[in-house]
Amino acid sequence: MIPQPQGQDLDFVNVAHSHLIHSHWDKLKPLSTSLTPFRIKHILLKLKNDDVLSLEFFNWVHKHNPSSHTLETHSILLHTLTKNRKFKTTQSILRRILTPCTIDFPSKLFEALLYSYRFCDSSPLIFDALFKTFAHMNKLRNATDTFTRMKEYGFFPTVESCNAFLSSLLQLHRADVALSFYREMRRDCISPNVYTLNMVICAYCKLGELQKASETLEKMKDMGLSPNVISFNALILGYCNKGLLGLALKIKSLMGNNGVCPNVVTFNTLINGFCKEGKLHETNRIFSEMKVANVAPNTVTYNTLINGYSQVGNSEMGIRLFEEMGRNQVKADILTYNALILGLCKDGKTKKAASLVKELDKENLVPNSSTFSALITGQCVRNNSERAFLIYRSMIRSGCSPSENTFQMLISAFCKNEDFDGAVQVLRDMLDRVITPNSSILCELYSGLCRCGRKQLALKLCSEMEGRHLLPEGFDKEKIAISLPENETNN
């Protein structure tokens, strides 16, 4: 039993309680300076069946005498809220007190909740709320520790909280841990629902274990669960990511047999899968099938298609799709414009690409790294390394970061035009950003410098890169020297 209030403490608790239940907040104010953790605790215990008044009093104390709150007063309020099924408020308070916590605070909080559990007539759902809050906050170690300690005291989380933990694990790319946790759920007889199994399918797909993912989908019915569109989409994505497009289409055909209709995500996943493989004829067929099924294409659909055609230099088809977007009142975004600009640039239509860049302002869109990279590609295709370099400088001034590919395109363009000073300048910028060039680009620059009589500069660059651990694997200057004519290597 906890110590009961006596004497002045008892009088204070009874008077404060009376003011609270009669909403005499003005009479309560003079008592704020006499509040102690012991008194607050017993006032909260007297209010434990009234979650609204408990929270109001707790917040009032927090405003007028915050230092009198302790882990125990927090615990009593949390028990009251959970018992009255105010789960959102419970998690909000837990999140607030756990955000700036010390390493041992989660353990102390668990102990405090455990200590006050019985005299608050609480529910096991308080520990479930704690576990779920840790999961939502991506505090995976704390969530795991809470889950283990809950079981030690005979408390088990709900399937919804387990799902929150699985979701966090997948977001943090811990598919292996997610599957391990699912197996523990099953051992503890926590019955999964369709959302649980959808995440299990995702986990198997992320690990490349597509057979097991497929088996999980098949087992759903035996477990009394009906796969939904997310179940099928997860497996379709798994097959598309592995380039197994025939099997992805097979899964889509199974949807109808299970009374599930493909949605925009289904079609977008398949369209993206075929575009990545460069199979644009099949992509177009799926796009047509999407329209027949009365599934409205969205921005992602069009962006994927435009990008697919742009990658193969078919800017004309990209423009047609862009016009169709407008007719169907589908909003274009920066990714749409970047894909169009890239397609035009790959076709060498740099003026038309530049006019699209001017449209960005009208659409309240800001050029990003991909926009500049596409424009640089256009100038490199036209062998205009000087213009490409000006766009690169503009890119840097705009605060955009060039990618490894952008740097390498520029170096290669300068080398082709035998502007080795430009190529060296870009290489130095690349090294300043701690990006290692690939072996073939460095070979191109090294041999170019040697051919124009600047072998010493080439050797100096290699020495600098070696010292900064940025020399690419497979680069061998001796082999390059052997391949060059003798008079070029002796310069």
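**A friendly note on the helices and buried residues**

1. Helices (H or I, at least four residues) and strands (E, at least two) are DSSP runs, numbered from the N terminus. Because 10 of its 13 residues are buried, helix 14 is largely enclosed by the rest of the structure.

2. Before going on, a word about the source: this is a predicted model, in which local features need pLDDT of at least 70, side-chain atom pairs count only at pLDDT 80 or more, and totals for chains, interfaces and linings use all residues. Residues are numbered from 1 along each chain as its sequence is written, and side-chain values use heavy atoms, with hydrogens and water left out.

3. The expected span is 1.5 Å times one less than the number of residues.

4. Now look at one pair. Helix 14 (residues 229-241) packs with helix 16 (residues 264-276) at an angle of about 5 degrees, and their axes are 9 Å apart. The two helices are therefore roughly parallel to each other. On the side of helix 14, the contact is made by Val229, Asn233, Ile236, Leu237, Cys240 and Asn241, and on the side of helix 16 by Val265, Thr266, Thr269, Leu270, Gly273 and Lys276. These contact residues divide into six nonpolar, five polar and one charged.

5. Some terms for that pair: axes are lines fitted to C-alpha atoms, for helices over the stretch in contact, and angles run from 0 to 180 degrees between N-to-C directions. Angles under 35 degrees count as roughly parallel, over 145 as roughly antiparallel, 65 to 115 as roughly perpendicular and the rest as oblique. Ala, Val, Leu, Ile, Met, Phe, Trp, Tyr, Cys and Pro count as nonpolar, Asp, Glu, Lys and Arg as charged, and the others, Gly among them, as polar.

6. Helix 20 (residues 334-346) has 13 residues and reaches 18 Å from its first C-alpha to its last. Helix 20 is mostly covered, with 11 of its 13 residues buried, among them Tyr337, Leu340 and Cys345. The cover includes helix 18 (299-311), helix 19 (315-327), helix 21 (350-362) and helix 22 (369-381).

7. How many disulfides are there? The count comes to zero, a disulfide being a pair of cysteine sulfur atoms within 2.5 Å. The sulfur of Cys240 is 10 Å from the closest cysteine sulfur, in Cys205, too far for a bond. For Cys162 the closest is in Cys189, at 12 Å, again too far. Cys240 counts as buried at 4% relative accessibility, and Cys162 at 0%.

8. Finally, two single residues. Phe407 lies in helix 24 (residues 404-416) and counts as buried at 0% relative accessibility. Its C-alpha is 6.6 Å from that of Met430, 23 residues apart along the chain. Asn65 sits in the loop between helix 4 (51-64) and helix 5 (71-83), and counts as buried at 13% relative accessibility.

Conventions: Contact means heavy atoms within 4.5 Å. Buried means under 20% relative accessible area, exposed over 50%, partly exposed in between (1.4 Å probe, protein chains only).
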